[in-house]
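Subject: Structure handover

Hello,

Here is the structure I said I would pass on. My notes on what turned up in it follow below the files.

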Amino acid sequence: MDVWAMERGLLSYSDIPHREVKMVRLEPESIELFLQAVRQRGFKTIGPRVRENAIVYDEIQTVADLPVGWTDDQEKAHYRLKRRSDGAFFGYNVGPQSWKQFLFPHSLKLFGARRNNGSFEVVAGEGSDALQKLAFVGVRPCELNAIAIQDKVFLGGAYHDPDYKLRRENVLIVAVNCSQVGKTCFCTSFGTGPTATSGFDIVLTEILANGDHFFLADSASAPGKEILAGLPSKPATEEEILRSRNASDSAAHSSQRSMETKGLKDLLYANSESPHWETIGHRCLSCANCTMVCPTCFCSSVEDVTDLAGTTAERRRTWDSCFTAGFSYIHGGSIRATTKSRYRQWLTHKLGSWVDQFGSSGCVGCGRCITWCPVGIDLTEEVQAFREKQTHLHPSS
């Protein structure tokens, strides 16, 4: 393949012969062709890029849009971008945004109405907007699991969310395995990373060591296979596959945070009246940052708005949070009037009652809630605090 010609637009995806592939090796310059191939199939490519001193998810068109050579340094209440010493395309962990913003938008018009000759007519919502095909590029394993959890929430029960369903059916997912973990990551505790096992159309592993820089790619769907078959590649060798596995194993072993998940639901239920909730409540600001950055939280509210002339009105669904005082408001006041009670609701639901509702935990260990909490509340530490207090009360158990 003539890379010079590709870079100058003289060759395109359609010039490359198709062939059947399994796991293949892609050179860095093939990622440009990969993005081109996806876009030529009518997908708008969404991926990581640097904006406002953070790595966010937005439209990408070329490799130049990716955060090449950037990484993120994260700790409790701390997030900073810094330069890497190499040219990694995906050498970061996760940023403040999650993919749920594209499947479960923060604001959605459900329907509207407008005056018409003394009466009114109903105007459809934004469902047609969801028909745009999106390709998510750079989805981390923990985020794949978060999408799967929201699939259960919006599609797994007797009633399906039609907007979510429409958006979900029009998404191509390109995952990227993790070769590093952030200081706030604890995906290994929930088995949600650092390696992707399902939920993707294509998965990439970036290998950058000992002077080598290449990608291993695999596919799990017909569209994924078709795209990979059209790219300049060669079959991955056993040594390259082993290097990929070793990179993921090394990432897993380097994880600095963990959470003991055995008996977690029962632990939280048993400590519903623990005084430790008050201790957390004194620190928590009820700012809702944790729920906004969480890739699985789905609380929402519905509001009706009109224009000043009274000629149009619309009903919108917007993101909400169990940390807001008005979220649990019913006639007579809020059910959860204190910060303590709101934090207890969030943590107990996320790690406990979510299992009763949907059959799995609501946490994937991405660590965003730790990074973006202004006061550095760490749910892994709080869970451990409950365990230690319970052991102190019942030393024989």
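**Aromatic pairs**

The structure holds 20 aromatic pairs. Please keep in mind throughout that this is a predicted model.

One of the pairs is formed by phenylalanine 90 and phenylalanine 215: the ring centres are 6.4 Å apart and the planes stand at 85 degrees, so the pair is edge-to-face. The cut-off for that class is an angle over 60 degrees. Phenylalanine 90 sits in the loop between strand E5 (78-83) and helix H3 (100-103), while phenylalanine 215 belongs to strand E11 (residues 212-219), so the contact ties together parts that are 125 residues apart in sequence. Phenylalanine 90 is buried, with a relative accessible area of 5%. Phenylalanine 215 is buried as well, at 0%.

There is also an aromatic cluster made up of Phe104, Phe154, Tyr164, Phe298, Trp319, Trp354 and Phe358.

**Salt bridges**

The count of salt bridges in the structure is 25.

Glutamate 143 pairs with arginine 368, with 2.5 Å between the closest N and O atoms. Glutamate 143 is in helix H4 (residues 141-155) and arginine 368 in helix H12 (residues 368-371), so this bridge ties together parts that are 225 residues apart in sequence. Both glutamate 143 and arginine 368 are buried; for arginine 368 the relative accessible area is 1%. Arginine 368 also has a C-alpha to C-alpha distance of 11 Å to leucine 379, and these two residues are 11 apart in sequence.

Aspartate 163 forms a salt bridge with arginine 167, the closest N and O atoms being 2.7 Å apart. Here both partners lie in helix H5 (residues 162-169), 4 residues apart, or about one turn of the helix. In general, an α-helix has 3.6 residues a turn, so residues three or four places apart point the same way. Aspartate 163 and arginine 167 are both buried.

Glutamate 27 forms a salt bridge with arginine 25, also with closest N and O atoms 2.7 Å apart. Which residues are linked with one another in a network of salt bridges? They are Arg25, Glu27 and Glu240.

An open sheet of 4 strands has the order E7-E6-E14-E13, and the pairing is antiparallel. Strand E7 (119-124) and strand E13 (300-306) are at the edges; each has a single partner strand, so one side of each has no neighbour in the sheet. From one strand to the next, the twist averages 20 degrees.

Strand E6 (residues 107-116) is joined to E7 by 6 bridges, and these two strands run antiparallel. Asparagine 116 has serine 119, in E7, as its bridge partner.

What lies on the surface as a nonpolar patch? Leu110, Phe111, Phe120, Val122 and Val302 form it, with about 480 Å² of accessible area together. E6 and E7 are the elements that give two or more residues to this patch. Leucine 110 is found in strand E6 and is partly exposed, with a relative accessible area of 35%.

**A hairpin**

Strand E4 (residues 70-75) pairs with E5 in the antiparallel sense over 6 bridges. Glutamate 75 stands opposite histidine 78 in E5. The two strands form a hairpin with 2 residues between them, and alanine 77 in the turn has a positive phi of about 55 degrees.

**Helix H2**

Which residues of helix H2 (residues 30-40) are buried? They are Ser30, Ile31, Leu33, Phe34, Leu35, Ala37 and Val38. Glycine 42 follows H2 and has a positive phi, near 90 degrees.

Regards

Technical notes: Residues are numbered from 1 along each chain as its sequence is written. This is a predicted model: local features need pLDDT of at least 70, side-chain atom pairs count only at pLDDT 80 or more; totals for chains, interfaces and linings use all residues. Side-chain values use heavy atoms; hydrogens and water are left out. Two strands pair if DSSP finds at least two bridges between them. Axes are lines fitted to C-alpha atoms, for helices over the stretch in contact, and angles run from 0 to 180 degrees between N-to-C directions. Patches are made of residues with over 30% relative accessible area and no salt bridge: like charges are joined within 9 Å, nonpolar side chains (Val, Leu, Ile, Met, Phe, Trp, Tyr) within 5 Å. Accessible areas come from the Shrake-Rupley method with a 1.4 Å probe; for residues, only the protein chains shown count as cover. A salt bridge is a side-chain nitrogen of Lys or Arg within 4 Å of a carboxyl oxygen of Asp or Glu. Buried means under 20% relative accessible area, exposed over 50%, partly exposed in between (1.4 Å probe, protein chains only). Rings of Phe, Tyr and Trp (its six-membered ring) pair if their centres lie within 6.5 Å; planes under 30 degrees apart count as stacked, over 60 as edge-to-face and the rest as tilted.
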